Amino acid sequence: MDSILEFFKNLFDAKGFMPRWVCGNWTELHGWIYIIANIAIWAAYFTIPILLYSFIYEKKRFIFKNVIVWFILFIIFCGSTHLIDAVIFWYPMYRFNAIVLSVTAVVSWGTVFVLYKYIPRALEYKSPEQLQYIIDEQTKELATAYEKLSDSEKQFKALVNNNPDIITRISKDLKYQFINDSILKVRNMKIEDIVGKNIEEVSKNDNSPNTNSFLTNVKKAFESKEVQQYEFATNTNTLNQGYFSMTVVPLKDENSDEVEDVITVTRDITTQKLYEIELVQNVANLEILAQKHENKRRILEDFTYIVSHNLRSPVANLSSLLHLIQDENNADIRELLIQKVFIAFEKLSITVSDLTTVVQIRQNIEIEKELLRFEDILKDHLTNLEMQIKQVYAEIDYDFSKCESILYPKIYLESIILNLLSNALKYKSPDRKPKIIFWTEVAKDGIFSLFCQDNGLGIDLKKNGNKIFGLNKTFHEHPEAKGVGLFMTRNQIETMGGTISVESQIDIGTKFTIQFNNYSDQWKAR
Amino acid sequence: MEGKIETVCIVDDDDIYQFTASMEIQKTNLVNKIIMFPNGLKALDYINIEKDNPGNLPDVIFLDVNMPMMDGWDFLKEFIIMKANLPKSIVIFMVSSSVDSRDVDRAHEISEVSGYMVKPMGKQRLTEVFNTLLS
């Protein structure tokens, strides 16, 4: 223990040793070579750590930093032994040298250990050539991949741009992120003027009336996260009236389930739509044709019925009368029979003349129409029938405010209103003061209707519904009931393309409804 | 009955037909009495009133198909209901100027209808009908 203390106390002391110059047989040359070589080694060994330090200082992320630090220490200590070796020529500090050597030994072994530990990792490290090779290889692969990617992008673009549908992508802030070239076929616009812009901004230049529904559907797709679909018509570069179907598809983010973008697909359906319209038109035409056919069939049926009943009946009477005259010897009775022949003939004449009138009505589709006010025509009749109306204390009301006038043949409208009015007066109830009301209405589709309602006897429609508008059909035992009026009225209305129908309850009243047909003209006429 | 039909009833709204038919029936000399009604309702009312006086009820009815108020078909409906309460059977012929087969078929479907006659009936045809009924 004392010797250790002694050792360290005299660490820098040279006592007991002789400078190297005087220890041994040194020539001047030999000594100086020794000294200079040692100092040169020390200088070099001192410079290397500085360079190494500057290297690891620069390469901050260098993973062998530890090894280098150990190396720096190792070299510094090795250098120090050489310096001391040179100093010893003059000052023999062997004690200090022993310590430096010992520390050098420890540091050297430390370095060995660290190196040993790092060699496997160092082995994994590639040489610059190897790295270069790898980089080259990877660059090549990257280039191929890029080429493939750009090919597929080109393909995708070609696909999207050659798709006849107009495809866009719109972000949440309602800005166009993408639009394909198909827009150019329908609008004189530039892609650059659309992409990145807001829908409203783009539509302002477009002047499209469909912008509102487009905006509404796009917003709805964002909100509801559901596909929106609708059709619209617009003019295009080439078409006056093009028809399109619009599909707005929301694109959901996989993680948040929020709609970040929508894809819109606008498809030109003009051809299909025109076919559809044509088809609908054709069906409508067919229906009109079928209706006309049905009308003709009914007219034919009417006339068959008329021939079977209205004509055969007076002819049968005449035949009977003539046979009776032939067999009759009594002059008075013969005279009576001849009188009856005249009456029967008169009836036949009236029937034939009625039929002639109806045939004329049926053939005269092109009869001249004029703009007529319902009120004027009804008022004329009210004046003419004043006595009759006063006699029965009839109360007659009207309201033509919904539709005041109509383009119609004058004699027909006069005859229709007169028939309705005189029927209502004729078949009044004996128990009530007659109340008759006329009014007009316009249906949603523009069809004009005339109504006439009374509080009269009423007709049992279950029994007589199909006969009410037939010739010589009467349902009341009434001296004036001839049954020509409604038959004529129906023929006039139907010839002009309208319909007449009746609702009635016995002892409550009757309501006639007339629907006029050529409403579009009348709209204009109004 | 002395080889004659007691009462024949004509139900028809056509007054000329009423006149000619009654003359033709008279000329057959096979009928004692003719009564006439302008429609089914009047005829039905009469039968109703006279249903306990078989002497006043008709033996044969010539019923017109087309009439106002109550036509031949409606008369038949009511008559069929009433028939069971009547003291004697009444023969009914439907009469019409119509040669419409639908009317003819309909008449044949009703068992109470003995026949369908097309106007004009004529003296000869009436004589045949009455003779058949009398025999």
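## Helices 11 and 13 of chain A

Helix 11 of chain A passes helix 13 of chain A in a right-handed crossing, and this description, like those that follow, refers to a predicted model. The residues that meet are Phe374(A), Ile377(A), Leu378(A), His381(A) and Leu382(A) on the side of helix 11 of chain A, and Leu413(A), Glu414(A), Ile417(A), Leu418(A) and Leu421(A) on the side of helix 13 of chain A. By class, the residues of this contact between helix 11 and helix 13 of chain A comprise 8 nonpolar, 1 polar and 1 charged.

In geometric terms, helix 11 (residues 374–384) and helix 13 (residues 410–426) of chain A pack at an angle of about 55°, and their axes are 10 Å apart. Because of that angle, helix 11 of chain A is oblique to helix 13 of chain A.

## Helices 10 and 15 of chain A

Helix 10 (residues 331–363) and helix 15 (residues 485–495) of chain A pack at an angle of about 15°, with 9 Å between their axes. The angle therefore makes helix 10 of chain A roughly parallel to helix 15 of chain A, and the crossing of helix 10 and helix 15 of chain A is right-handed.

Helix 10 of chain A contributes Asp354(A), Thr357(A), Val358(A), Ile361(A) and Arg362(A) to the contact, while helix 15 of chain A contributes Phe487(A), Met488(A), Arg490(A), Asn491(A), Gln492(A), Glu494(A) and Thr495(A). Sorted by class, the contact of helix 10 with helix 15 of chain A has 4 nonpolar, 4 polar and 4 charged residues.

## Helices 2 and 3 of chain A

Helix 2 (residues 28–58) and helix 3 (residues 65–87) of chain A pack at an angle of about 160°, their axes lying 8 Å apart. Because of this angle, helix 2 of chain A counts as roughly antiparallel to helix 3 of chain A. The contact of helix 2 with helix 3 of chain A has 21 nonpolar, 4 polar and 2 charged residues, and helix 2 of chain A passes helix 3 of chain A in a left-handed crossing.

## Interface and salt bridges

Between the two chains, 26 residues of chain B are in contact with 27 residues of chain A. The area buried between chain B and chain A is about 2,200 Å², and carbon and sulfur atoms give 54% of that area. Across the interface of chain B and chain A there are 2 salt bridges. Glu328(A) forms a salt bridge with Lys27(B), in which the closest N and O atoms are 2.7 Å apart.

Over all chains, a search of the whole structure finds 25 salt bridges. Asp261(A) forms a salt bridge with Arg169(A), the closest N and O atoms being 3.4 Å apart. This pair links distant parts of the chain, with Asp261(A) in strand 5 (residues 259–268) of chain A and Arg169(A) in strand 1 (residues 166–171) of chain A, 92 residues apart.

## Backbone features in two loops

Most residues other than glycine have a negative phi, and most peptide bonds are trans. In chain B, the peptide bond from Lys119(B) to Pro120(B) is cis, with omega near -5°, and Pro120(B) lies in the loop between strand 5 (113–118) and helix 5 (123–134) of chain B.

In chain A, Tyr393(A) has a phi near 55°, which is a positive value in a residue other than glycine. Tyr393(A) is placed in the loop between helix 12 (386–391) and strand 7 (395–399) of chain A.

Terms used:
Residues numbered from 1 in each chain as written. Chains lettered and ligands numbered in written order. Predicted model: local features only at pLDDT ≥ 70, side-chain atom pairs only at ≥ 80, totals over all residues. Heavy atoms only, no water. Axes fitted to C-alpha atoms, helices over the stretch in contact; angles between N-to-C directions. Helix = DSSP H or I, 4+ residues; strand = E, 2+ residues; numbered from the N terminus. Parallel < 35°, antiparallel > 145°, perpendicular 65-115°, else oblique. Left-handed = near helix turned anticlockwise from the far one by under 90°. Contact = heavy atoms within 4.5 Å. Nonpolar A, V, L, I, M, F, W, Y, C, P; charged D, E, K, R; others polar. Buried area = accessible area lost by both parts, 1.4 Å probe. Salt bridge = Lys/Arg side-chain N within 4 Å of Asp/Glu carboxyl O.
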